[in-house]
Amino acid sequence: MIERRDFYIGGAWVAPQSGAACDVIDPSTEEPFAVISLGGQADTDAAVAAARAAQPGWAATSKAERSELLARILGLYKARAEDLAQAMSREMGAPIDFARTSQVGAGAWHIKSFIHALDMFEFDRPLGSHAPGDRILMDPVGVVGMITPWNWPMNQITLKVIPALATGCTMVLKPSEIAPLSAMIFAEILHEAGVPPGVFNLVNGDGPGVGTQLSGHPDIDMISFTGSTRAGIAISKNAADTLKRVHLELGGKGANLIFADADDTAVKRGVLHCFQNTGQSCNAPTRMLVERAVYDAAVETARAVAEKMEVGPADREGRHIGPLVSATQFDKVQALIQTGIDEGARLVAGGPGRPEGVNRGYFVRPTVFADVTNAMTIAREEIFGPVLSIIPFDSEEEAVTIANDTEYGLTNYVQSQDGARCNRLARRLRAGMVEMNGASRGVGSPFGGVKRSGNGREGGIWGLEEFCEVKAVSGWHEEAACHTHGHGGCDCC
Ligand code: NAD
């Protein structure tokens, strides 16, 4: 049993002041393999106080100092890649090869990308030639409370911690209590890289405990949250009394519009993307909308891909998918598969229960439903499991209507060889992101949604701006400005 009961506060690992023990479960075996503590108000207060005390000093560092720190973090992150992969694989069930490449890789990609974005970022900008005495200063927002989910642990944590460090913010991170171990390794990396005491703090806890204490805390300036829409609403309400800024990255119900002129691999690509990470991705293309002329062929391809998809334990190497993360998720996905059948969708592959021969672990069968209507529960709710819903359409207009008829708006996808149509749809789909013909978004592209998918944008320049306050200054003396430091107008040189 791994024991990781301490929190990282003020630059050291400290024992909890009021920590209840919490088991971390291996979803492949359903057995606990580690124990952490769930913090209480005194632990949260101590972490917030440490972050508050460190804030002025950290805000006064130069852009170059912070950039060098990020480079050291990247080097150490790569050196600890295998530790991070093993931790994530065990705590949230990502098959080890997928954990090594995608889960760990996503974090490295973000750190690298933010180093580049920081290099280009202007903390001190002229308003325009019409107002030479005006200056726009991008100040750090202050102390940030960060609350992250279990499904892409390093992806979510680096998307918050790295831009906060880069912009001069200090922070308290509460990782998911379901997958906390990789976050604690990340804290070790930051410590070794030389992040000054108090700049980064980590307190483990659950939503009703540390999560709620952070969102309502009077000494926190901003909450950056990734997780469910349910929790995003609770956090927004609890943060309202202190009027802190709330940045939300929430759930999704992505539509993948497949037209008759789509390339030959579009359907297969869509199914694999839906099942990736055992369907536990906010941007998963879970509603496959298919033009009637190629509908039957698409259903057949989806069936074949799902039936070939292997499911297996997280510690086994290979390209299979792993279990769902928890008993709660297992029960939820099983219930939704049953609801799909009860509401009249046509089950094409998979179905309720575990895969054949498996009687332990939160494993589910890769499942495909056809003849789904957009009114059915499986087309409306975020399932967060390897379950694909296929819906036919007859015209581009109808496809857009179905795609936009959802509470969510994170990522939509378009598959068509008609360039004009693609561009038209990119404008008409109501979502934070539109990905077309399998082209992934480039380095520095902002990630985020609209409607119930949230309001934040993470990554690149936009990801840095999220952690800044825009300060407008008039009567600026350009001849006296400091050009060594990133914030403009210090007294040092
Ligand atoms: P969750 O909302 O249950 O938990 C996420 C985090 O919030 C955890 O750390 C949890 O302890 C905390 N939390 C829960 N209730 C809280 C409350 N009332 N106050 C404060 N904190 C609270 O979500 P999850 O099950 O861990 O993650 C899955 C969800 O995350 C899915 O809905 C998925 O779509 C979403 N997600 C979104 C993105 C994105 O960028 N849009 C990325 C990944 C995951």
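How many positive and negative side chains does the chain have, and how far apart do the centres of the two sets lie? In this predicted model, the chain carries 44 positive and 59 negative side chains. The centres of these two sets lie 2 Å apart.

The chain contains 15 helices and 20 strands. Its radius of gyration is 23 Å, close to the 23 Å given by the globule rule for 493 residues, so the chain is as compact as a globular protein of that length. Along the principal axes, the C-alpha trace spans about 70 × 60 × 40 Å. Of the 493 residues, 58% are buried. The accessible surface of the chain amounts to about 19000 Å², and 52% of this surface belongs to carbon and sulfur atoms. Among contacts between residues at least 6 apart in sequence, 73% join residues at least 24 apart.

Aromatic side chains provide examples of links between parts of the chain. The structure holds eight aromatic pairs. One of them is formed by Y77 and F186, whose ring centres are 6.4 Å apart and whose planes meet at 80 degrees; because planes over 60 degrees apart count as edge-to-face, this pair is edge-to-face. Y77 belongs to helix α2 (residues 63-79) and F186 to helix α6 (residues 181-193), so the pair ties together parts that are 109 residues apart in sequence. Y77 has a relative accessibility of 1% and therefore counts as buried. F186 is likewise buried, with a relative accessible area of 0%.

A further aromatic pair is formed by F330 and Y362. The distance from centre to centre is 6.5 Å in this pair, and the angle of 45 degrees between the planes makes the pair tilted. F330 is placed in helix α11 (residues 327-342), whereas Y362 lies in the loop between β15 (346-349) and β16; the pair therefore ties together parts that are 32 residues apart in sequence. Both F330 and Y362 are buried.

A164 is located in helix α5 (residues 153-167) and has a relative accessibility of 0%, so A164 counts as buried. Its C-alpha atom is separated by 9.7 Å from that of E465, although A164 and E465 are 301 residues apart along the chain. Neighbours within four places in sequence aside, A164 is in contact with W58, M146, C169, M171 and F467.

A81 is found in helix α3 (residues 81-92). With a relative accessible area of 24%, A81 is partly exposed. A81 and T328 are 247 residues apart along the chain, and their C-alpha atoms are separated by 29 Å.

K308 lies in helix α10 (residues 295-308). The relative accessible area of K308 is 71%; because a value over 50% counts as exposed, K308 is an exposed residue. Between K308 and H320, which are 12 residues apart along the chain, the C-alpha separation is 9.8 Å.

The backbone was also examined for positive phi values. Most residues other than glycine have a negative phi. L243 is not a glycine, yet its phi is positive, at about 50 degrees. This residue is situated in the loop between α8 (229-240) and β12 (245-249). The relative accessibility of L243 is 75%, so L243 counts as exposed.

D371 also has a positive phi, near 55 degrees, and is a residue other than glycine. At a relative accessibility of 32%, D371 counts as partly exposed.

Technical notes
Residues are numbered from 1 along each chain as its sequence is written. Side-chain values use heavy atoms; hydrogens and water are left out. Helices (H or I, at least four residues) and strands (E, at least two) are DSSP runs, numbered from the N terminus. Buried means under 20% relative accessible area, exposed over 50%, partly exposed in between (1.4 Å probe, protein chains only). The radius of gyration is taken over C-alpha atoms; the globule rule is 2.2 Å times the number of residues to the power 0.38. Contact means heavy atoms within 4.5 Å. Accessible areas come from the Shrake-Rupley method with a 1.4 Å probe; for residues, only the protein chains shown count as cover. Lys and Arg count as positive and Asp and Glu as negative; His and the chain ends are not counted. The place of a charge is taken as NZ of Lys, CZ of Arg, CG of Asp or CD of Glu. Rings of Phe, Tyr and Trp (its six-membered ring) pair if their centres lie within 6.5 Å; planes under 30 degrees apart count as stacked, over 60 as edge-to-face and the rest as tilted.
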